[in-house]
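This briefing goes through a predicted model, taking up its strand pairing, its backbone geometry and its aromatic contacts in turn. Please read it with the coordinates open.

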Amino acid sequence: MQNKLLKLGRSKNNDIVFSQGDVSGSHATITYLGDNQFQIEDLNSTNGTYVNGYRINKAVISSDDKLTLSANIDVNVPALFGITVKPKEIIKKANEKDFTEEFAALEPMYLDYKKKRAKITSGHNKKLAIIRGAITFSPMLILMLFDIPKEVKMQLMGIMILGSTAAAVFTSNMSPQEKLEELDISFRVRYVCPNEKCQQQLNGQAWALLHATGFCPRCGAIYNKAKL
């Protein structure tokens, strides 16, 4: 693999050029992240970039996901990077509604998503605590370490009282929302019914709950062996 990032679009200065008129001049980029993971980013294209039929701005996908530019231009993502993916073995099912094994493969994806979401939130809260603590308690540290005049001490006490308010104002615009939204989108467009004829989004519902329910509400695919 020579390139880690590829630019896709109709313009000739892209790495991968598409002649179709509904592809924008600079349509999207694909970054190979390693371990069968690719980041797709739409470049404000007119007709959109889709993963498993859902329009995205940015998402992380694998070779199991379907990438489409505009309405119907399918892109073989691994092939763009010279990666050969072994075709899936077609197994004849005794029950054509049996997707229990395919659904079981979604559990690690769900658990990884929950872990990453918790990490983003926890990291943000720790960062806020450090910043607010530094702003609020710096005057106290000065009082403890240095012998300073009483008048200055009173001023520092006042600053310390106002510090908590200042810290809250200073950090009010710091939010993990953008990172969380990107993570949510990447997850939702891949966390879909494993029946390729359906691929209904599972709306982020807990894997265990869907497993207990046992069926896809749209196509009736069976998720739980107890329902067979």
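Strand S1, which covers residues 5-9, is joined to strand S2 by two bridges, and the two strands run parallel. Within this pairing, Gly 9 stands opposite Val 17 of strand S2.

**Sheet**

- Strands S1 and S2 belong to an open sheet of five strands, whose order is S2-S1-S3-S4-S7 and whose pairing is mixed.
- The edges of this sheet are formed by strand S2 (16-17) and strand S7 (58-61), each of which pairs on one side only.

**Backbone with positive phi**

- Most residues other than glycine have a negative phi.
- Asp 35, although it is not a glycine, has a positive phi of about 55 degrees, and its place is in the loop between strand S3 (28-34) and strand S4 (37-42).
- The relative accessibility of Asp 35 is 70%, and because exposed means over 50%, this residue counts as exposed.
- Gln 199, which is likewise not a glycine, has a positive phi of about 50 degrees, and this residue is found in the loop between helix H5 (177-188) and helix H6 (207-213).

**Aromatic pairs**

- Nine aromatic pairs are found when the whole structure is searched.
- One of them joins Phe 38 and Phe 81, whose ring centres are 5.7 Å apart and whose planes stand at 35 degrees, so the pair is classed as tilted.
- Because Phe 38 lies in strand S4 and Phe 81 in the loop between helix H1 (77-80) and helix H2 (100-104), this pair ties together parts that are 43 residues apart in sequence.
- Phe 38 has a relative accessible area of 1% and is therefore buried, while Phe 81, at 4% relative accessibility, counts as buried too.
- Tyr 110 and Phe 187 form a tilted aromatic pair, with 6.2 Å from centre to centre and 50 degrees between the planes.
- Tyr 110 lies in helix H3 (residues 106-145) and Phe 187 in helix H5, so their pair ties together parts that are 77 residues apart in sequence.
- Both Tyr 110 and Phe 187 are buried, and together with Tyr 113 and Tyr 191 they form one aromatic cluster.

**Charge over a ring**

- Lys 93 lies over the face of Phe 99, at 4.8 Å from the centre of the ring.

Methods:
Residues numbered from 1 in each chain as written. Predicted model: local features only at pLDDT ≥ 70, side-chain atom pairs only at ≥ 80, totals over all residues. Heavy atoms only, no water. Pairing = 2+ DSSP bridges. Helix = DSSP H or I, 4+ residues; strand = E, 2+ residues; numbered from the N terminus. Buried < 20%, exposed > 50% of the residue type's maximum accessible area, 1.4 Å probe, protein only. Phe/Tyr/Trp six-rings, centres within 6.5 Å; stacked < 30°, edge-to-face > 60°. Lys NZ or Arg CZ within 6 Å of the ring centre and 35° of its normal.
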